[in-house]
Amino acid sequence: MRIAVYPGSFDPITKGHLDIIKRASKMFDKVIVAIAVNSSKRPMFTFDERKALLEKSVASVPGLDNIQVEAFDGLLVDFMHQHDSRIIVKGLRFVSDFEYEFQMALTNRKLDEEIETMFMVTCYKYSYLSSSIVKEVCSLGGDVTDMLPEAIMDETVAEIKNRSKK
Ligand code: COA
């Protein structure tokens, strides 16, 4: 069974992430979307909230039966061992992503030489997107219709507006 792990902060999930999830779903028997800690970020949403938003978004797309959503706070390579996976899937948006992604891929391989990272080129429609962009546009009252999955749109917009006031 080919199990891939798609890690990220997903704070919150965007349409760009969902695009990668849909495409990875066709390539592997199972894809675990893993909400992980990036120690350089302070997330707006809790692990449980991000998990619920991811699960709702995935459930809204017919046929994504091989996607599982998990959250963990340790090393990615340890999580991968626990889930019997050797393949990391990441989305690549710009050349500017490459240096950081290259460093993470090499670090993960240094920690476990059997781990492979596969990069999927992000759909051009979403290549400008990031979770921070969504939060910024939304908190300033801009339209995020093309950025967030429809299934989570209303609740996420309301929460971002509410939390960014504090
Ligand atoms: N569509 C839209 N946005 C995308 C995207 C896509 N396809 N791919 C990435 N992005 C955005 C993300 O939303 C994120 O936005 P943000 O910076 O505003 O939050 C940004 O691009 C960077 O994404 P990514 O490089 O995946 O970083 P991340 O913070 O989401 O994930 C972890 C990094 C969590 C995977 C990494 O820190 C990790 O593995 N942590 C576990 C601990 C560990 O093992 N550390 C050592 C590994 S080097």
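This note goes through the ligand site, the backbone and a few single residues of a predicted model.

1. Ground rules. Because the model is predicted, local features need pLDDT of at least 70, side-chain atom pairs count only at pLDDT 80 or more, and totals for chains, interfaces and linings use all residues. Residues are numbered from 1 along each chain as its sequence is written, and side-chain values use heavy atoms, with hydrogens and water left out.

2. The residues around the ligand. The shell has 26 residues, and those that come nearest are Ser9, Lys41, Leu76, Lys90 and Ser132. A residue is near a molecule or strand if one of its heavy atoms lies within 4 Å of it. By class, the shell holds 9 nonpolar, 13 polar and 4 charged residues. Here Ala, Val, Leu, Ile, Met, Phe, Trp, Tyr, Cys and Pro count as nonpolar, Asp, Glu, Lys and Arg as charged, and the others, Gly among them, as polar.

3. The side chain of Asn38 has an N or O atom 2.9 Å from an oxygen atom of the ligand. Taken alone, the ligand exposes 940 Å², and the protein buries 87% of that. Such areas come from the Shrake-Rupley method with a 1.4 Å probe; for residues, only the protein chains shown count as cover.

4. The site and its elements. Which elements give two or more residues to the shell around the ligand? They are strand E1 (3-8), helix H1 (15-27), helix H4 (95-111) and helix H5 (131-139). H4 provides the largest share, with 5 residues. Helices (H or I, at least four residues) and strands (E, at least two) are DSSP runs, numbered from the N terminus.

5. The loop between E1 and H1. Both Phe10 and Pro12 are found here. A cis peptide bond joins Asp11 and Pro12, with omega about 0°. Phe10 has a phi near 50°, a positive value in a residue other than glycine. Both features are worth a second look, because most residues other than glycine have a negative phi, and most peptide bonds are trans. Is Phe10 buried or exposed? Phe10 counts as buried because its relative accessibility is 2%. Buried means under 20% relative accessible area, exposed over 50%, and partly exposed in between (1.4 Å probe, protein chains only).

6. Asp84. This residue is found in the loop between helix H3 (76-82) and strand E4 (87-92). The phi of Asp84 is near 60°, again a positive value in a residue other than glycine. Asp84 is exposed because its relative accessible area is 57%.

7. Two exposed loop residues. Arg42 lies in the loop between strand E2 (30-35) and helix H2 (47-59), and it counts as exposed because its relative accessibility is 82%. Arg42 and Val134 are 92 residues apart in sequence and 15 Å apart in space, C-alpha to C-alpha. Glu113 is placed in the loop between H4 and strand E5 (116-121), and it counts as exposed because its relative accessibility is 68%. From Glu113 to Arg86 there are 27 residues in sequence and 9.6 Å in space, C-alpha to C-alpha.

8. Two buried residues. Leu64, in the loop between H2 and strand E3 (67-71), counts as buried because its relative accessibility is 9%. Leu64 and Lys22 are 42 residues apart in sequence and 7.1 Å apart in space, C-alpha to C-alpha. Ile160 lies in helix H6 (residues 153-165) and counts as buried because its relative accessibility is 0%. Ile160 and Lys135 are 25 residues apart in sequence, and their C-alpha atoms are 6.3 Å apart in space.

Terms used
Polar contact = N/O pair within 3.5 Å; in protein donor to acceptor, adjacent residues only side chain to side chain.
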